[in-house]
Amino acid sequence: MIEVNNVVKRFDGFAALDGASLSVPAGAVYGLVGPNGAGKSTLIRHLTGIYRQDSGTITIDGQKVWENPELKSRIAAIPDDWYYFLQSSARDMMRFYRGFYPRFSMERYEKLKDIFEIDENRTIRRLSKGMQKQVAFWLAMCCLPDVLVLDEPVDGLDPVMRRQVWGLIMNDVSERGTTVLVSSHNLRELEDVCDHVGIMNHGQVLLERSLAQLQDNMVKMQVVFPDGVSEVPPELPVLHASRVGRIHTLIMRMGAEEAEGRLAAYTPLLADAVPLTLEEIFIYELGGADYAVKDIIL
Ligand SMILES: Nc1ncnc2c1ncn2[C@@H]1O[C@H](COP(=O)(O)OP(=O)(O)OP(=O)(O)O)[C@@H](O)[C@H]1O
């Protein structure tokens, strides 16, 4: 479990983190979303022990991260500017990782070699940016980390490789209970993978929610009312309604079962719950109250 509590970090008087707090449960895939300069990378560098906060606390499984090599050996990270030794190949970097991560799995290294299809003896510097990122993933996945921290991880990867990489990560989440924190500019990018989302801006986490919390609270129904009912009955608590032909799409703040019950009273010809996107959930969750947050995620 990752706990960040009221963390402040200043650079020359400028607060890159200005009382940031977040909480990532064990085994969660937490998406940290925010625009350029929000403070995502700065927060991530604290989680990996690169920066030390001016104030506030940062713990993973109850232990402070700063100057805690034992804890850090259980955290793997892919920063936006992944570091490798200039003349090194993937194989050289693997040896370096092995020295630092006691659980480093050579078995996995050999297995993933087929997936990434990168010549392990080629100088990393000579690989394309996307290929370098693949090497970073390859090595991070071999560390068998308890916590995986990813800064804009799929930037530069082609769509097929994105899917492969997310497949590997999600496999680890379900089989090993890995906790993942992943940053992105774009909520859409995290749509299929995250079960928790935090929205960050100006050095603070403005709100965070679990997907379960959000989904239990909101439903999108496609409804065809019987002849004679052409408009959505006004007594239905609808957050948003749209219509194509006879099909009404209604978003309501309630669970699917309750919505089906309420709609049954009108004997609809069709009343199906359909999945909401994360983006839709956030927009309607915010209910028009906070335009600043909407601007951030859209
Ligand atoms: N080492 C540093 N020295 C001075 N200012 C810094 C430093 N690192 C970050 N900042 C500032 O802190 C703010 C947050 O930067 P950060 O890189 O954390 O944002 P981000 O959310 O990761 O942005 P992006 O999406 O563009 O990567 C920015 O205004 C940045 O200029």
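The model is predicted: local features need pLDDT of at least 70, side-chain atom pairs count only at pLDDT 80 or more, and totals for chains, interfaces and linings use all residues. Residues are numbered from 1 along each chain as its sequence is written.

**Confidence**
- The protein has a mean pLDDT (the predictor's confidence in each residue, from 0 to 100) of 89, and 95% of its residues reach 70 or more.
- Confidence is highest in strand β1 (residues 2–11), at a mean of 97, and lowest in helix α11 (residues 291–297), at 56.
- Helices (H or I, at least four residues) and strands (E, at least two) are DSSP runs, numbered from the N terminus.
- For the complex, the predictor gives a pTM of 0.82 and an ipTM of 0.97.

**Ligand shell**
- Around the ligand stand F11, A16, G34, N36, G37, A38, G39, K40, S41, T42 and H185.
- A residue is near a molecule if its C-beta atom, placed from the backbone, lies within 6 Å of it.
- Helix α1 (residues 40–47) gives the most to this shell, with 3 residues.

**Annotated domain**
- UniProt, in an unreviewed entry, lists residues 2–227 as "domain: ABC transporter".
- Residues 2–227 are 34% helix and 30% strand, with the end C-alpha atoms 54 Å apart.

**F282**
- F282 sits in helix α10 (residues 278–286).
- F282 is buried (20 or more other C-beta atoms within 10 Å of its own, C-beta atoms being placed from the backbone), because it has 23.
- F282 and V197 are 85 residues apart along the chain, and their C-alpha atoms are separated by 9.7 Å.

Key
UniProt positions are given in the numbering used here, feature names are shortened, and annotations may be inferred rather than shown by experiment. A residue is buried if 20 or more other C-beta atoms lie within 10 Å of its own, exposed if 12 or fewer, and partly exposed in between; C-beta atoms are placed from the backbone.
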